[in-house]
Amino acid sequence: MMFAPIGLFKDIPCPEGQNCLLLTCMFSHKKISSSSDPQETHQSAHVSQATQRYVTTASGESGPVKPKIQTTSDDKAKLNSKPSPLPRKEHDSQSPVPTTPAIKRSRPNGQSPVKLQSLSREVTPPAKASSTPAKSSVSTSHKVRPPRQAPRESLNPRILTKAPAPHGVRLSIITKLHAAMSALNDKMGKDKENKDRYLVLTPNELVTMALDEEEKTAKENPSIYSNVIKLRIVKLSKMSKDDWANEVKVHLNERYYKIEPEPEQSKQKILATGLSTNEEIALASKLITPLQGLEQHGYVTKAPTDAEVEGARKGVIESKGWEKCDRCGGRFQVFPGRREDGTLTTGGQCTYHPGKALYPPRKKTDHITGHKDAYFSCCNESVGTSAGCTKGKTHVFKVSETKRLASVFQFQQTPAQPDKGPLPPVSFDCEMGYTTQGLELIRLTAVSWPKGEPLLDILVRPIGEVLDLNSRFSGVFPEHYTKAVPYGSSVPQTGAALLEDGEVEAPPLQVVESPAAARELLFGYLQPETPLIGHAIDNDLNACRIIHPTIIDTVLLYPHPRGLPLRMSLKVLCKRHLDRDIQTGGSRGHDSKEDAIATGDLVRVKATETWKILKSKGWRFHNDQLVPPPGTSDADAAAAHGKLGVGAGQKRTSTTLED
């Protein structure tokens, strides 16, 4: 009984090596070229049909045999026979071919047999591959990446303890998933202008990537496996080359090595405003947004009273630790300080969607084609059809009520420091993680404005026990804490350490013991009148429990078209106004330093636009100070300040995160 070949053994070296006499062997063979002539090299390694009909063996017997003899292209040229079909594609390297006994060939016309010299002499072994990769296959980056070795697997679903679907269904799905990935991989391979050639996957790597994704979906989402994977295939079919490149980077990062952005990508474009540093600082005063009236959107302008704080504490005690999960919305209990059995939370694992719910805009043709349902950006799953596509070890919660925040850690106004005099603006960004006290500060980064020079970059030990560092967004992982050094101690200067994957290890961060300590360090760079710059700055200020009267918030400078509570994300604003890609780390999360600098540059762009308006109205700089045109009253100058300073004031009814 014959079976259709499916190529399961095509990457396995043939046990017989070059002694194999099969015409269509199912195993892999090394392609050997014994001639430098391109015309000869193109010919097949098999004897043409005319020379295969009669063979005289070493014992002298002759007669018709099956065409199983392999010769080299030299015999072809001598016999002047037609070239046979092209040789099969080879993959694996083998040792040089051993010498074979002389074989005599008998011609059909009765002539004496001719000895094929090519079968009795040694075959020149194939030239060794150059140790220097070809330029076309090397990325423009000078960083040496470790070699990748994908396992040899067939396109067959991996065995699972509890499969979410029958084998036939999984096989059909994984075949389509592999086909969609192959199409994108082929497009990238054909793009001659693509500098990242290392992102073009080999056939084995492509099979491994498809199997990895199918297996992950089968394990994490068994109940909705078929739906999730089908939506994923549809997404791949519509994916651009840039998005596919990012997908490949994430896959290579997780399976083989950690990929750093290429030097040309990581190097940000220099933002030129045409203004001096002091002139930009002077313009910052025109961009300050008053916080009065924004309290309903999370901006705290007054610290809660002691009575309010005490009432919040009693409420927490009476609730007996019951909270609402910030990710799945379920109810669970939390035990600060741990329960007697060591438990921090109840409710088991958390199943949720990490991405935002996206709502397609309505079109006039919806009554014909039907309006598209809202879907999640993480998995393209329709809203309301599944509990989630991701699992967390525990449920988590977030505290938004000001008095309850103060019951854990009280707010404080920025203190005046007369001895320091006026201080330049500061751009800062905070990263938060989930603890038994809610969403707490775990990293704080501050840079000078407008230059973006580092002022402060520290890890913070939270008050509560950690439930989830929220690494997908915060970029903070447990190893950051294990390698961190106490704040104030010198960081070991051991030079740039090279990791196994070829990446340069970053120096360890410094860590402080509490959010209060981090706040005191930030206060060292601030006066009450110092412009403090941030994106959705209310979240950062509340995490630090700071009340600051002079803020510049980019969600207010660049308001959402529909107003608050909707907000434009920092990533979208940077792409639109700076032509800069940020937050491209994938599973590595965000970089608070990158975000702080990007936020400051968005303010610089707005400062430049403000100066163009002021200049057209007769304003000028004198001794690095803005001077209104002659005849402008103080009231007119104040009115101009109000109009220019609140780009967000057009729609003040706002502020929910879309970031």
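1. The model is a predicted one, in which local features need pLDDT of at least 70 and side-chain atom pairs count only at pLDDT 80 or more, while totals for chains, interfaces and linings use all residues. Residues are numbered from 1 along each chain as its sequence is written, and side-chain values use heavy atoms, with hydrogens and water left out.

2. The side chain of Arg 327 meets that of Asp 468 in a salt bridge, at 2.7 Å from N to O; a salt bridge here is a side-chain nitrogen of Lys or Arg within 4 Å of a carboxyl oxygen of Asp or Glu. Because Asp 468 lies in strand E15 (residues 466–468) and Arg 327 in the loop between strand E5 (322–324) and strand E6 (331–333), the pair ties together parts that are 141 residues apart in sequence. Asp 468 is partly exposed, with a relative accessible area of 22%. Helices (H or I, at least four residues) and strands (E, at least two) are DSSP runs, numbered from the N terminus.

3. A second salt bridge joins Asp 457 to Arg 443, with the closest N and O atoms 2.9 Å apart. This pair links distant parts of the chain, with Asp 457 in strand E14 and Arg 443 in strand E13, 14 residues apart. Arg 443 is buried at 9% relative accessibility, whereas Asp 457 is partly exposed at 25%.

4. Strands E13 (residues 438–448) and E14 (residues 454–460) run antiparallel and are joined by 5 bridges, where two strands are said to pair if DSSP finds at least two bridges between them. The two strands form a hairpin with 5 residues between them, and Gly 452 in the turn has a positive phi of about 75 degrees. Arg 443 has Leu 459 of E14 as its bridge partner, and Leu 459 in turn has Val 511 of E17 as a bridge partner. E14 pairs with strand E17 (residues 510–512) in the parallel sense, over 3 bridges.

5. Leaving aside neighbours within four places in sequence, the residues in contact with Thr 435 (heavy atoms within 4.5 Å) include Phe 397, Pro 462 and Leu 467.

6. The count of salt bridges comes to 23. One of them joins the side chains of Asp 581 and Lys 575, at 3.2 Å from N to O, and here Asp 581 is partly exposed at 47% relative accessibility, as is Lys 575 at 43%. Elsewhere, salt bridges that share partners join Glu 153, Arg 158, Asp 212, Glu 215, Lys 219 and Arg 255 into one network.

How values were computed:
Buried < 20%, exposed > 50% of the residue type's maximum accessible area, 1.4 Å probe, protein only.
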